[in-house]
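Please find below my note on the structure shown here. The points are numbered so that they may be read alongside the sequence and the model.

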Amino acid sequence: MSSKSDSADKERECKRRKKNLESWKRNKTKDDRTHGKRYLNTRGNVVEPKTITDFNDNCCETFSIEERRVILSQLLNMNSKNEQDIYLMGLMEIVPIKRRRTTINAQVKKVTFHYYVLKESKRMRVCKKVFLYLH
Ligand SMILES: [Zn+2]
């Protein structure tokens, strides 16, 4: 007799579950992304984790794959994107650019960034390119 309302209830229940699953998937994606695992993007495509690729740089000391893995894992082991941001900010330094001539524009302070990498808990200065490759 009440079969119609029963099925309506079921449908509602089903929708609610689907909604929960969707939000769980979203959170999981966020988490996986923070920790550098492969994840599904909003289009449902699999995005491969950041891999350690070869790069050439002739201005900085080179890093072995193992060193790079350690550096990257320091970042990926953090609990949130926010913590990662704070960590990265701590490795950047704002430095005013020294100018040779005093011009009208001199009061406009130009700045540049210095980038550092933590290697065996020592801060090492690297160029931006290397900094971005390592993190
Ligand atoms: Zn460099």
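In what order do the elements of the protein run from the N terminus on?

1. From the N terminus on, the order is α-β-β-α-α-β-β-β-α. The protein thus has 4 helices and 5 strands, where helices (H or I, at least four residues) and strands (E, at least two) are DSSP runs numbered from the N terminus. This is a predicted model, in which local features need pLDDT of at least 70 and side-chain atom pairs count only at pLDDT 80 or more, while totals for chains, interfaces and linings use all residues. Residues are numbered from 1 along each chain as its sequence is written.

2. On burial, 6% of the 135 residues of the protein count as buried. A residue is buried if 20 or more other C-beta atoms lie within 10 Å of its own, exposed if 12 or fewer, and partly exposed in between, with C-beta atoms placed from the backbone. As to contacts (two residues whose C-beta atoms, placed from the backbone, lie within 7 Å), 37% of those between residues at least 6 apart in sequence join residues at least 24 apart.

3. An open sheet is formed by 3 strands in the order β3-β4-β5, with antiparallel pairing. β3 (92–96) and β5 (122–126) stand at the edges, each with a single partner strand, so one side of each has no neighbour in the sheet. From one strand to the next, the twist averages 40 degrees; here axes are lines fitted to C-alpha atoms, for helices over the stretch in contact, and angles run from 0 to 180 degrees between N-to-C directions. Strands of a sheet pair through backbone hydrogen bonds, either parallel or antiparallel.

4. Two strands pair if DSSP finds at least two bridges between them. β3 and β4 pair over 5 bridges in the antiparallel sense, and Pro96 stands opposite Val111 in β4. Of the 5 residues of β3, the number buried is 0, so β3 lies largely in the open.

5. Strand β4 (residues 111–119) is joined to β5 by 5 bridges, and the two run antiparallel. Tyr116 has Arg125 as its bridge partner in β5, and Leu118 stands opposite Arg123 in β5.

6. Which residues make up the largest nonpolar core? It has 8 residues: Phe63, Ile71, Tyr115, Val117, Val126, Val130, Tyr133 and Leu134. Such a core is a set of buried Ala, Val, Leu, Ile, Met, Phe, Trp, Tyr and Cys residues joined through C-beta atoms within 7 Å. The elements giving two or more residues to this core are β4 and α4 (128–134), and α4 gives the most, with 3 residues. Leaving aside neighbours within four places in sequence, Ile71 is in contact with Val117, Leu118, Lys119 and Leu134.

7. Cys60 is found in the loop between β2 (46–47) and α2 (65–76). Cys60 is partly exposed because 17 other C-beta atoms lie within 10 Å. Beyond its neighbours within four places in sequence, Cys60 is in contact with Val126, Cys127 and Val130. The C-alpha atoms of Cys60 and Val130 are separated by 7.7 Å, although the two residues are 70 residues apart along the chain.

8. The hairpin of β4 and β5 has 2 residues between the strands, and Glu120 there takes a positive phi near 50 degrees. Glu120 counts as exposed, with 8 C-beta neighbours inside 10 Å. Ser121 is found in the loop between β4 and β5 and has a positive phi of about 55 degrees although it is not a glycine. With 6 C-beta neighbours inside 10 Å, Ser121 also counts as exposed. Most residues other than glycine have a negative phi.
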